[in-house]
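This report describes charged pairs and surface features in one protein model. The sequence and structure are shown first, and the description follows.

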Amino acid sequence: MMKEKHRMKNTKPESNPETPEAATEEESAEEMEETIEQPIETTESQLEAVISENLQLKDSMLRQMAEFDNFRKRAAKEKSEIYGMAMGDCVAKFLGVHDNLERAVGTLKDDSEFKSGISMVLDGLLAVMTELGVTEIESSGAKFDPNLHDAVQQIEDESFGENEVCNVLQKGFKSKDKVIRHAVVVVANP
């Protein structure tokens with residue numbers, strides 16, 4: 001019974017040829033048949049216009065694809081840089097703790113359990129920093145590099161070479177090629 005009602009709803013009432021709606025539908029159907037039967041004539045200028053429009057659309061599409069690819073690459077690069085900066089900022093906050101632990105280990109001269117405990121904490125901190133890709137900037141005996149070192153004092157000493165780092169006052173650290181903290185050094189023979 002439901003199927004019969006459904007069928008009844010979907011069926012169109014038969015149109016009366018005398019109604020204006022039926023007449024316009026028949027006329028439009030006849031016009032479409034005439035248009036289909038007529039041969040399509042295109043001139044060379046129409047063909048060139050279509051080809052030109054096609055080339056413009058193709059060029060536009062290729063430009064959009066290139067812009068999207070550049071955007072994707074730029075977004076990936078920015079994401080990587082933001083991660084590096086955030087990680088560097090986080091590690092920089094722990095460098096003070098690192099310095100204090102090194103000072104504590106340096107001041108305790110005896111071989112006590114306290115010194116070994118602090119050494120273990122320092123080693124654990126260094127292991128975590130290494131896992132994060134943070135490395136110490138090798139400074140002692142190296143040539144002074146203003147990109148890596150911060151010179152706070154200059155001395156004249158013939159036992160060192162020209163612009164050689166002779167003393168490291170505070171260790172520097174970097175992550176990949178980004179300096180987290182410059183090494184504070186004394187430079188000999190500037």
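## Salt bridges and their surroundings

Arginine 63 forms a salt bridge with aspartate 59, with the closest N and O atoms 3.0 Å apart; the term denotes a side-chain nitrogen of Lys or Arg within 4 Å of a carboxyl oxygen of Asp or Glu. The model is predicted: local features need pLDDT of at least 70, side-chain atom pairs count only at pLDDT 80 or more, and totals for chains, interfaces and linings use all residues. Residues are numbered from 1 along each chain as its sequence is written, and side-chain values use heavy atoms, leaving out hydrogens and water.

Side chains of opposite charge can pair when their charged atoms come close. The whole structure contains 6 salt bridges, including those in the table.

| Pair | Closest N and O atoms |
|---|---|
| Arginine 63 and aspartate 59 | 3.0 Å |
| Arginine 72 and aspartate 69 | 2.2 Å |
| Glutamate 102 and lysine 171 | 2.6 Å |

Glutamate 102 belongs to helix α3, whereas lysine 171 sits in the loop between β3 (164–170) and β4 (173–175), so this pair ties together parts that are 69 residues apart in sequence. Helices (H or I, at least four residues) and strands (E, at least two) are DSSP runs, numbered from the N terminus. Within helix α3, arginine 63 and aspartate 59 are 4 residues apart, about one helical turn. Arginine 72 and aspartate 69 also lie in helix α3, 3 residues apart, and Asp69, Arg72 and Lys73 are linked in a network of salt bridges.

Residues are called buried under 20% relative accessible area, exposed over 50% and partly exposed in between (1.4 Å probe, protein chains only). Arginine 63 is exposed at 54%, while aspartate 59 is partly exposed at 36%.

Arginine 181, in strand β5 (residues 178–181), is buried at 16% relative accessibility. Its side chain makes a polar contact with the side chain of aspartate 99 at 2.7 Å. Such a contact is a pair of N or O atoms within 3.5 Å; within protein, one must be able to donate a hydrogen and the other to accept it, and residues adjacent in sequence count only if both atoms are side-chain atoms. The side chain of arginine 181 also reaches the backbone oxygen of lysine 171 at 2.7 Å.

Leucine 55 is found in helix α3 (residues 44–107) and is exposed, at 53% relative accessible area.
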